[in-house]
Amino acid sequence: MNKFWTIVGHTYFSRVKTKSFIITTAITLTIIIGFANLPSILEMLSSDDESDQVLVMDESEIYSSYLQEDEIIGETGITFENFEGTEEAAKQAVIDEKYDGLLIITTDENSLPEGSYYANRISEMGEQVEIEQALQQLKTIVGTQEAGIDQETLATIYAPVTLATEQLDDSARTAEEMNQSRGLVYVMLFVLYMTVLVYGQMIATDVATEKSSRVMEILISSAPPITHMFAKIIGIAFLGLTQVIILLGGGYFAIQANQDTMSGEFFEVMGLTNNDPVIYIYAVVFFILGYLLYATLAAMLGSLVSRIEDVNQLIMPMIMLIIIAFILAATGLSMPESTMITVTSYIPFFAPMIMFLRIGMLNIPIWEIALSIGILVLTIVAIGALAARVYKGGVLMYGKSGSLKDLKRAINLSKKE
Amino acid sequence: MLKLSNVTKRFGNHTAVNDLSLEIPESEMFGFLGGNGAGKTTTFRMILGLLDKTSGDITWQGKPISYNESHLIGYLPEERGLYPKLTVKEQIIYLGRLRGMKKQDILKKLDEWLERFKVPEYLDKKVQELSKGNQQKIQFISAVIHEPELLILDEPFSGLDPVNVEMLKGAVKDLKNQGTSIVFSSHQMEHVEEMCQHICILQKGAPIVHGSLRDIKHSFGKKNLDIRADFSTEYLKEFRGVASYKELPDGCTLQIENEQAAQDIFSSLHEKGFVRKFEIEEPSLNDIFIAKVGASYE
């Protein structure tokens, strides 16, 4: 057991001290804090952006007075200014950049307003979208008045309809509950995905490094390969934990500090408040199991490689698995009850993400959860046993490598004959 | 005593070690010889438990070797390996702790060893900054820092300059005198000849010569005869009892079947003229190796 912790400690400290670890953590933390402060940053950048000023030429002279009304100005953020004079003079004012644009309003055959807009540059996302909106509103106002409908009646018609919803099946999650857990499921999916990608790779690289520098033979003559393998997995887990705590902690405080500038409470929007505490326990359980499964795979694959350059090639199948799991889960967020999601929630490579998603989004019976966890644990034990065999032979195997055929060679090497 | 009884290792259809039985006495140096691919490293790996043996038993002091005894065993693998990016100190502390040592003891021992190898300034250097020879010294320290009872050295002197070879040899001899049992393999016969009491020559996984060096030389029978004379010795090529003949400018070197042949040659030379030198030499281990291993290649 002592040797186990010696290896765990060595794995952890030799990584945590490296420049690459410190720099990656610092950069990620900066990005997270940056995101948390995004609203204030955006506000700072856009504060000097003045509202657009548009000249209006109006034949009928009644439309422009509507355009001055708060209703329209408030919604579009454009200041309309009447222009007395020739069209050419008005266009010249726009060319001279005294104004952002020129709107000429005419009346069509139905006695409704229509317009032409002139600006130095017309871009898709420019102010003409707002101009069009303003014109549309103007048309509605004018049109309804022509038809003899007063503004109040119009407002009543346009008011949003009320639709009361009530679920008759008590076991199903309410929409509100679903939304609440959606945030948590998202966080879990993403963290597990990143963890497997980053730390799985790290484990495989670490094993390959020890093999390629040939220090492995000394290591496994001092401690059993199985001890070595699992100590490595746990060591990297602690490393990941350190990084995640720094990032989540930093993120939490950054968001807390910016609570008021953010629209609405961030944690509430993300659904990270009022969750059932049980779901957090499931999150931890599935996260640990998911990590163990993929980390064991990574260690096994890493032990087959003799050169660090070949690591990526060999862990590719594992990366594909986690990507598939992630895509399935991302799709499942919008349709958690589909057959595909139900089936894949029992497949061990996908279960950590997808069963957790179902737990979060649906009300599923406990035996289904137990079954999925059971299959997952059995798979981890089976892969652990296989990985231990492969590892024992793989770490002594040198020469050409880079395919899964080496699995067989490694097992043969660890066998008695 | 390290005892191997009927140890066999098969990789699929290939038999790497075939029914090998050895007794390696305590506080002695045992030489393990063999051509490339003869099964030396596989045998070492089985002794250390890195590979499972197909059949047979390996015991140290009467007990099978497991990882619980790993603090009693030191190993210098043929393929040298250290962490290139760690300093000598970090490296040895880690490897020493894996052999069950405490940090303070490791540092004390490490200082002594670096002092002995005249490289105390390497303590805080990264391994990748050291020359190959110096890396090997560090590797050697990592194998012996925990004062093992049984030390396995796979090609310990390969790739070293003569000064460093002498330095390492001295260290190995001192360890032996302190009671360490040492098994070592080498291609350099003169090292084995100089240091070992018992040897074993492996050929395709089976021992073809095994026993004390003196007995082996004695029972080999063939001896070398060195002759310097003022007349041509070419007629000795066909002489009875001469196994091989090598012409020299002022004489020849012969390999003879037995001492009787030497006596016959001596009396025949006596009649021919003046003989400046006539010397019977014990066969070298190199001769024995070439004769035994070479013969089975043919």
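This is a predicted model: local features need pLDDT of at least 70, side-chain atom pairs count only at pLDDT 80 or more; totals for chains, interfaces and linings use all residues.
1. The angle between helix H16 (residues 351–361) and H17 of chain A is about 170°. Their axes lie 11 Å apart. On the H16(A) side, the contact is made by Ala351(A), Pro352(A), Met355(A) and Ile359(A). H17(A) contributes Ile369(A), Ser372(A), Ile375(A) and Leu376(A).

2. Pro225(A), Ile226(A) and Met229(A) supply the H11(A) side of the contact. They meet Ala387(A), Ala388(A), Tyr391(A) and Lys392(A) in H17(A).

3. Is helix H2 of chain A largely buried or in the open? Of its 18 residues, the number buried is 1, so H2(A) lies largely in the open. The helix runs over residues 19–36. From first C-alpha to last it reaches 26 Å, close to the 26 Å expected at 1.5 Å a residue. Ile27(A) sits in this helix. It has 10 C-beta neighbours inside 10 Å; Ile27(A) therefore counts as exposed, the limit being 12 or fewer. Met188(A) is 161 residues from Ile27(A) along the chain, and their C-alpha atoms are separated by 22 Å.

4. Now chain B as a whole. Its secondary structure comes to 9 helices and 14 strands. Along the principal axes, its C-alpha atoms fill a box of roughly 75 × 45 × 30 Å. Chain B has 298 residues, and 37% of them are buried. Among contacts in chain B with a separation of 6 or more, 68% join residues 24 or more positions apart.

5. The interface comes next. Contacts between the chains involve 23 residues of chain B and 19 residues of chain A. Two elements of chain B give two or more residues each to its side: strand E1 (2–11) and H2. H2(B) gives the most, with 4 residues.

6. Ile106(B), Leu110(B), Trp113(B) and Leu114(B) are its buried residues. Seen down the helix axis they fall within an arc of 95°, so they line one face of H3(B). Gln104(B), Lys108(B) and Glu115(B) are exposed on the other side. What covers the buried residues includes helix H2 (88–98) and helix H4 (132–144) of chain B. After H3(B) comes Lys118(B), with a positive phi near 60°.

7. Which loop of chain B holds Leu236(B)? Leu236(B) lies between strand E11 (223–229) and strand E12 (242–248). It has 21 other C-beta atoms within 10 Å; Leu236(B) is buried because the threshold is 20 or more. Leaving aside residues up to four places away in sequence, Leu236(B) touches Val242(B), Tyr245(B), Cys252(B), Leu254(B) and Ile265(B). Phe117(B), 119 residues from Leu236(B) in sequence, is 51 Å from it, C-alpha to C-alpha.

8. Asn6(B), a residue other than glycine, has a positive phi near 50°. Asn6(B) is in strand E1. It has 12 C-beta neighbours inside 10 Å, so Asn6(B) counts as exposed. Gln61(B), also not a glycine, has a positive phi near 55°. This residue lies in the loop between strand E4 (55–60) and strand E5 (63–64). With 14 C-beta neighbours inside 10 Å, Gln61(B) counts as partly exposed.

How values were computed: Residues are numbered from 1 along each chain as its sequence is written. Chains are lettered from A and ligands numbered from 1 in the order in which they are written. The arc is that of the directions from the helix axis to the C-beta atoms. Two residues are in contact if their C-beta atoms, placed from the backbone, lie within 7 Å. The expected span of a helix is 1.5 Å times one less than its number of residues. Axes are lines fitted to C-alpha atoms, for helices over the stretch in contact, and angles run from 0 to 180 degrees between N-to-C directions.
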